[in-house]
There are 2 protein chains.
Amino acid sequence: MGLKSVRIIGSGLIGTSIGLALSAKGVDVEMVDSDEEAQALAQELVGYSGEPDVADLIIIAVPIGAFKKVIKSEFALNPNSIFIDISSVKTKPLVDVSEIDGLEERFCFTHPMAGREVGGAQSARGDLFASRPWIITPTLLTSEHAIAIATEVAEMCSAITFHMPPAEHDKAVALVSHLPQILASLLAKALTSGEPTWLELSGQGLRDMTRLAGSSAVLWEEILSSNASHIRPLLISLQKDLTILVESLNDSRVAHALIEDGNKGRERIPGKHGGTARDYTYVPIVIQDKPGQLAALFNECAVAGVNVEDLTIEHTPGQFTGLVTLAILSSLDAYKLTTHLSTRGWSIHASRNS
Amino acid sequence: MGLKSVRIIGSGLIGTSIGLALSAKGVDVEMVDSDEEAQALAQELVGYSGEPDVADLIIIAVPIGAFKKVIKSEFALNPNSIFIDISSVKTKPLVDVSEIDGLEERFCFTHPMAGREVGGAQSARGDLFASRPWIITPTLLTSEHAIAIATEVAEMCSAITFHMPPAEHDKAVALVSHLPQILASLLAKALTSGEPTWLELSGQGLRDMTRLAGSSAVLWEEILSSNASHIRPLLISLQKDLTILVESLNDSRVAHALIEDGNKGRERIPGKHGGTARDYTYVPIVIQDKPGQLAALFNECAVAGVNVEDLTIEHTPGQFTGLVTLAILSSLDAYKLTTHLSTRGWSIHASRNS
């Protein structure tokens, strides 16, 4: 394609991170922000490229509230450029773009699914999008050229591209991103009613289930409220399931069906590397909670020539040992590793499949 | 105390694991099961101790359905022994015990909070309870002697003991164990309505939120149904929260309040080692997905003298690199580690607090 010159409106985390990635690939990047200091910092980070040309591409990386005003003025300034956005929810941006004559064919909506728990240009990273999904969501009017440019940007940022229409995008993220966020927050909220002693009984399960509850309210209020129409049917379906449980959880068949339905849903989540879900063999090992133990353990894995796909560290209240569980792809490798570790004197337990 | 002789009714995972732990401490253990083969296997694993004496302690490790019959016959056989159970929910066992004259003062309810994804004597491990919570739940009638014996058993199994009344136990596990299980299953169930492509967008958050959904329906139908009375108020409270969201999620103030309430609840979960929740500093590092990379990384941590408290491996669809995030207790250590890794050529990102 040969993207040469890009103008990025919005010098926050996402805008500046895209700027860093494109600049590293030799693209001239002009950073813009209503906040002069943010703009100056972002431009310094991204690098100056002399006199700004007319930009091939305008990237709209501003909050939803500022979106309409920005696209209006930018399209007036650059009527021959291509436009993309980075919004998490497409409903409102879609309306805003459609209301400006001639813009929609030049506009390709996109959603890079990456972020950090800190914001601003100072937190930007050129590799923020590496190996993360980047959804390309053209409308029926979006030109092939605009789609190609959007895809090129995502690929220059080393992201994995997915293509789907905007409405499907909003439905998809309602399910795989917004609903988990809501349930994590609701569960964590329920914990405020418990005694401190009860919370000392928390296992890894509860910790995993509430990690997302640490999310930023400022960031999520906009995402959830602007995608309410797609989230609502999911919540209503959840209400129906909850009503059944409230009425009949004392019936063990109802409890059984709930867990079985959950088993089925969980099996639908693909495993690592975008493949189908995989059955790992798990090898649990007790280690001392001090520097060097994990290093020594992973050295043994390397010596055994076994690749660790995933691992968890079990937090245990009151004691200074930890249970590390390694996920191994093949049961043969798990057997090799178990045998190897045992001969080296590690406190290793029987491996198990899940 | 000097526990000498124990009779364990129920040769499943929990019963046999307790048998292994006690036997290793020199206690004579007799394993009993209605299934002769299970009993023989469990006894062989635990070891024979010659002619069985009258047992100091009877451990009831049978499913709730068999509980009443077993305590009746065992109390008739051993009227001078102490009794403990291992049930996950106390409501029904409490009634069963109270209906047998003279038993309740000799009976101390307990709940070892440990398990595996596989069952049976063949999956038993003497260290199953090491560093895990073991709740001691005496009634007002339970004798000091019975409480002391129950505590001794938990300690011989290297568990961390907590003491609370049975009714409080059931309320506590409804909140910290049963509610997370139900929400994980409900969320996973919701995924069955999504397109396969949508699930390819799944991040670590969704994976964490649905891990518990892999639980066994046979095991959980009994737990959830028998604790329905304590779970119900939590579900009703959840219904109320959901109703507000269904009606007003498009109001960003409502979405904001939800996330903020979740933030507060999450802060109540204690961190590692039973202390108060800790703020870790997180150090994200990109590694190649091949044997030896984690070993090399943890070697560097050991060289830097930095202890890793926790870590996650980010699964990314389609690419063979991984993002490992290390949780470090002090920001100074995180700084030391970041500096050290950078000089060694690791692809390290700015650390962040959470």
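Guide: Let us begin with the term that helix packing requires. A helix axis is a line fitted to C-alpha atoms over the stretch in contact, and the angle between two axes runs from 0 to 180 degrees between N-to-C directions. Please keep in mind that the model before us is predicted.

Visitor: Which residues in H12(A) and H12(B) meet?

Guide: From H12(A) come A:Leu294, A:Ala295, A:Phe298, A:Asn299 and A:Ala302, and they meet B:Leu294, B:Ala295, B:Phe298, B:Asn299 and B:Ala302 in H12(B). By class, the residues of this contact are eight nonpolar, two polar and no charged.

Visitor: How do H3 and H4 of chain B pack, and at what angle?

Guide: Helix H3 (residues 64-77) and helix H4 (residues 91-98) of chain B pack at about 15°, and their axes are 10 Å apart. Angles under 35 degrees count as roughly parallel, so H3(B) is roughly parallel to H4(B). H3(B) passes H4(B) in a right-handed crossing. On the side of H3(B) the contact is made by B:Ile64, B:Phe67, B:Lys68 and B:Ile71, and on the side of H4(B) by B:Lys92, B:Pro93, B:Asp96 and B:Val97. The residues of this contact divide into five nonpolar, no polar and three charged.

Visitor: Which residues of H2(B) are buried?

Guide: The buried residues of H2(B) are B:Ala38, B:Ala42, B:Gln43 and B:Val46. They cover an arc of only 125° around the axis, and therefore lie on the same side of H2(B). The face turned away from that buried side carries the exposed residues B:Glu36, B:Glu37 and B:Glu44. Among the elements that cover the buried residues of H2(B) are helix H1 (13-24) and strand E2 (28-32) of chain B.

Visitor: Let us turn to single residues. Is B:Leu249 buried or exposed?

Guide: The criterion is relative accessible area, and a residue under 20% counts as buried. B:Leu249 has a relative accessible area of 1% and is therefore buried. B:Leu249 is found in the loop between helix H10 (228-248) and helix H11 (252-267) of chain B. Leaving out residues up to four places away in sequence, B:Leu249 touches A:Ile182, A:Leu224, A:Ser225, A:Ala228, A:Ile231, A:Leu235, B:Ile244 and B:Ala255.

Visitor: Where is A:Gln181 found, and what is in contact with it?

Guide: A:Gln181 is found in helix H6 of chain A, residues 166-191. A:Gln181 is buried, with a relative accessible area of 1%. Apart from neighbours within four places in sequence, A:Gln181 is in contact with A:Leu212, A:Ala213, A:Ser215, A:Trp220 and B:Ile259.

Visitor: What is to be read from B:Pro180, and which residues does B:Pro180 touch?

Guide: B:Pro180 is found in helix H6 (residues 166-191) of chain B, and at 1% relative accessibility B:Pro180 counts as buried. Not counting residues up to four places away in sequence, B:Pro180 touches A:Leu187, A:Leu206, A:Met209, B:Leu175 and B:Leu212. The C-alpha atoms of B:Pro180 and B:Ala213 are separated by 9.5 Å, and these residues are 33 residues apart along the chain.

Visitor: What is the phi of A:Ser131, and what is that of B:Ser131?

Guide: A:Ser131 has a positive phi of about 70° although it is not a glycine. B:Ser131, also not a glycine, has a positive phi of about 65°. A:Ser131 lies in the loop between strand E5 (107-112) and strand E6 (133-137) of chain A, and A:Ser131 counts as buried at 3% relative accessibility. B:Ser131 lies in the loop between strand E5 (107-112) and strand E6 (133-137) of chain B, and B:Ser131 counts as buried at 4% relative accessibility.

Methods:
Residues numbered from 1 in each chain as written. Chains lettered and ligands numbered in written order. Predicted model: local features only at pLDDT ≥ 70, side-chain atom pairs only at ≥ 80, totals over all residues. Heavy atoms only, no water. Contact = heavy atoms within 4.5 Å. Helix = DSSP H or I, 4+ residues; strand = E, 2+ residues; numbered from the N terminus. Nonpolar A, V, L, I, M, F, W, Y, C, P; charged D, E, K, R; others polar. Buried < 20%, exposed > 50% of the residue type's maximum accessible area, 1.4 Å probe, protein only. Arc of directions from axis to C-beta. Parallel < 35°, antiparallel > 145°, perpendicular 65-115°, else oblique. Left-handed = near helix turned anticlockwise from the far one by under 90°.
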